[in-house]
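Please read these notes beside the model. They take helix packing, then the metal site, then backbone details.

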Amino acid sequence: MIGPPASGKGTQARRIADKLGLRYLSTGALLREHMENGTAIGRMAGPILNHGGYLPDSCMCEIVEQWLENSGKGWILDGFPRSQAQADFLQQWLGERSQKLDAAVFLKAPIEILKDRIEGRVECPGCRWSGGRAELTGGACPECGEMAETRGDDTLENFLSRHQAYENYAKPLVESYLQAGILCACDATRPRDEVTGQLLAALKSLS
Ligand SMILES: [Zn+2]
C-alpha cells in the first residue's frame, strides 16, 4: 500500500486482506505495539516516531523480514516499502524465494483533505483498528469493543513532516511499479466502500 498519511491505507488494506484471505502488516501499528510493550525496538522507535520521523531502512527491513519469515505466502504490507532501499530489499527477498509482488496499491488524495482526516483519527489499542471518531459507538472500537484512542503521533506537525517524506519517497516507487505493470491507483477521496470496490476490481484485473 502506497499513499500519503491518513489516505486510508490501513482501512483499505484490512478490507482487502479480509476479502482475499491475506495476512496484513501495518508497520506503524507494529511499531506502536513495540513502544507500548517497551521492547528494545519500541524504545528505539519511540523518540523517532513521536517526532514524525521514520526508522532507518536497515531497521525497518529487519522488522519486516522477521514478519515475512513467519507469515507464509499472501500478504499486504502497509507502511513498507517507504524508500527505494526498502523496495529493493523486498524485491530481493521475494526473488530469493521465487516469489514476486502481484500488485502495488496507490491511494491518492490531496493534502487539504488529509489534514482534516488527521484531526478526527482514532485507533484501538486492542485490535489496532484505525478510523474516524465518527465510526465509534460511545467511544468503543467497532471491531472489538475496546475503547479507541487518539493516536499519540497524530499531530499536525507530525502529519506535515510525514507528508513531506511521503512526497520524496513515493514518486519513484509509484513510477517503478507502474513500469512493472503492477500499479493499482485509486482516488482515496471517494467514499471508502467505493475505494474498496475499485481496488478489488483493479486487483482482480491484474491477476
Ligand atoms: Zn478493536
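1. Helices α4 and α5 are roughly parallel to each other, a label for angles under 35 degrees, with over 145 roughly antiparallel, 65 to 115 roughly perpendicular and the rest oblique. Helix α4 covers residues 57-69 and helix α5 residues 84-96; they pack at about 30° with axes 10 Å apart. Axes are lines fitted to C-alpha atoms, for helices over the stretch in contact, and angles run from 0 to 180 degrees between N-to-C directions. Helices (H or I, at least four residues) and strands (E, at least two) are DSSP runs, numbered from the N terminus.

2. This is a predicted model: local features need pLDDT of at least 70, side-chain atom pairs count only at pLDDT 80 or more, and totals for chains, interfaces and linings use all residues. Residues are numbered from 1 along each chain as its sequence is written, and side-chain values use heavy atoms, leaving out hydrogens and water.

3. From α4, residues D57, M60, C61, E65, L68 and E69 meet A85, Q86, F89, L90 and W93 of α5. Contact means heavy atoms within 4.5 Å. By class, these residues are 7 nonpolar, 1 polar and 3 charged. Ala, Val, Leu, Ile, Met, Phe, Trp, Tyr, Cys and Pro count as nonpolar, Asp, Glu, Lys and Arg as charged, and the others, Gly among them, as polar.

4. Next, α2 (residues 27-37) and α3 (residues 40-49). Their axes come within 8 Å and cross at roughly 115°. That makes α2 roughly perpendicular to α3. The crossing is left-handed. L31, H34 and M35 of α2 touch I41, G42, A45, G46 and L49 of α3. The contact has 5 nonpolar, 3 polar and no charged residues.

5. Helix α6 (residues 111-119) packs on helix α7 (residues 156-179) at about 145°, with the axes 10 Å apart. The crossing is right-handed. On α6, the contact uses I111, L114, K115 and I118; on α7, L156, F159, L160 and H163. The class count is 6 nonpolar, 1 polar and 1 charged.

6. Which residues hold the zinc ion? The SG atoms of C124, C127, C141 and C144 coordinate the zinc ion at 2.3 to 2.4 Å. Donors are N, O and S atoms within 2.8 Å of the metal (3.2 Å for Na, K and Ca); water is not among the atoms, so sites may look incomplete. The donor spacing in sequence is C-x2-C-x13-C-x2-C. C127 sits in the loop between β4 (121-123) and β5 (130-132), and C141 in the loop between β5 and β6 (149-150), so the pair ties together parts 14 residues apart in sequence.

7. The 4 donor atoms subtend angles of 101 to 116° around the zinc ion, which makes the arrangement tetrahedral. For four donors, that label requires all angles between 85 and 135 degrees.

8. Two backbone features deserve a look. Most residues other than glycine have a negative phi, and most peptide bonds are trans. F80 and P81 are joined by a cis peptide bond, with omega about -5°. P81 lies in the loop between β2 (75-78) and α5. A6 has a positive phi, near 70°, and is not glycine. A6 is in the segment before α1 (9-20).

Notes:
A crossing is left-handed if the near helix is turned anticlockwise from the far one by less than a right angle, and right-handed if clockwise. Four donors count as tetrahedral if all angles lie between 85 and 135 degrees; four count as square planar and six as octahedral if opposite donors are over 155 degrees apart and all others between 65 and 115; anything else is irregular.
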